[in-house]
Amino acid sequence: MSGRSSLPLLGPLLGRRPLLPILLALLAAAIFLADTVTNLEIAVAVFYVVIVLIAVRYLDRRGVAMVAAACMTLTVLSFFLTRAGAVPAGVVNCAISLVAIAVTAYLALRAAAAEAQAREAQAQLAHITRVTMLGELTASIAHELNQPLAAIMLNGNAAQRWLAGGNPDEAGKAAERIVRDAERASELIKRLRGLTRKAAGKAIWLDVNQLISDTLTLVETEAGRAHVALRAELAGQLPRAQADPVQIQQVILNLILNALEAVSGEEERDVTIVTSPGRSGEIVIEVRDSGCGLNGVELDHVFDAFYTTKPEGLGMGLAISRSIVESHGGRIWAQPAVPRGAAFFFSLQAGRTGSRGSDQ
């Protein structure tokens, strides 16, 4: 992912879209004035490429083309208005400036198109990975969904018997349980639909603890089948983070599934998810296991694409997780756990204050 802008002083202003046309117009006016009052031998118009580069970052292709055309028009107009200097030199400088503006716009648009294609490919790969993870959890998800459906059936039959027996109060209680179990099933299906969406949603102010609790619902049955003690130690009063919940849930889910696999076959099978405030402006999420640890694993390459220690692994899960975390302005890393096992961490930039916290 590319950064916001290579011009740090302009970054905050450029982030405010309504100010962008005004800023570009003022910058173009300053270059036009400088180009007009200086000698023809000085190619001030070359600085219009800065405006084109800014436009590429914040405008669509049509907008960039219009900005580039306006800059070229101002370059020619300035040439005719300039009185000082040699005309032949001015013609050469004007031509150089026009070529520089046109070439910059063309190359920048090509680069932006290539970056957009790369982002689309990454999004498709992330979607495939999410669906693959859910495929691995099919049996567990079916069991989790079957529980509220079975409860609905039992309560429905009970409500019929209570009504037939002339006891509407008990029938009403059974109906309330039916509604509760139906909402539980609906929430599970909603979370599954979110994970299977091809395109990720927009960033929202996210309660990380709540997201972890929702994610644990998808893996608790799988952990039980593997006889793994799955715990959550969620810090209270965590700030919220502005993030895409589907993408962050994918990272959490991937780390938990890796941890469950790491403890399979071990005597102690513990997986713990921890949230805590990190350094200034961060929320840290840790997934710790009691497996064999990171012996023989190159920590510098563990998040590289196609690097894997699994016989049948593709080595894409952690690479995609790193890309997602870094695109949110965070960082991800791994280190040995104490007294044994491995711990994977990732951070998110904090924003607002939340209130949820638990120790499950």
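Select Phe80 to begin: this residue is exposed, with a relative accessible area of 55%, where exposed means over 50%, buried under 20% and partly exposed in between, using a 1.4 Å probe and protein chains only. The model is a predicted one, in which local features need pLDDT of at least 70 and side-chain atom pairs count only at pLDDT 80 or more, while totals for chains, interfaces and linings use all residues. Residues are numbered from 1 along each chain as its sequence is written, and side-chain values use heavy atoms, with hydrogens and water left out.

Phe79 and Phe80 form an edge-to-face aromatic pair, 5.3 Å centre to centre with 70 degrees between the planes; rings of Phe, Tyr and Trp (its six-membered ring) pair if their centres lie within 6.5 Å, and planes under 30 degrees apart count as stacked, over 60 as edge-to-face and the rest as tilted.

Next, select Trp333 and Phe345, whose ring centres are 5.2 Å apart and whose planes meet at 5 degrees, so this pair is stacked. Trp333 lies in strand β6 (residues 332-336) and Phe345 in strand β7 (residues 342-353), so the pair ties together parts 12 residues apart in sequence; strands here are DSSP runs (E, at least two residues), numbered from the N terminus. Trp333 is partly exposed, with a relative accessible area of 23%, whereas Phe345 counts as buried at 11%.

Definitions and conventions:
Helices (H or I, at least four residues) and strands (E, at least two) are DSSP runs, numbered from the N terminus.
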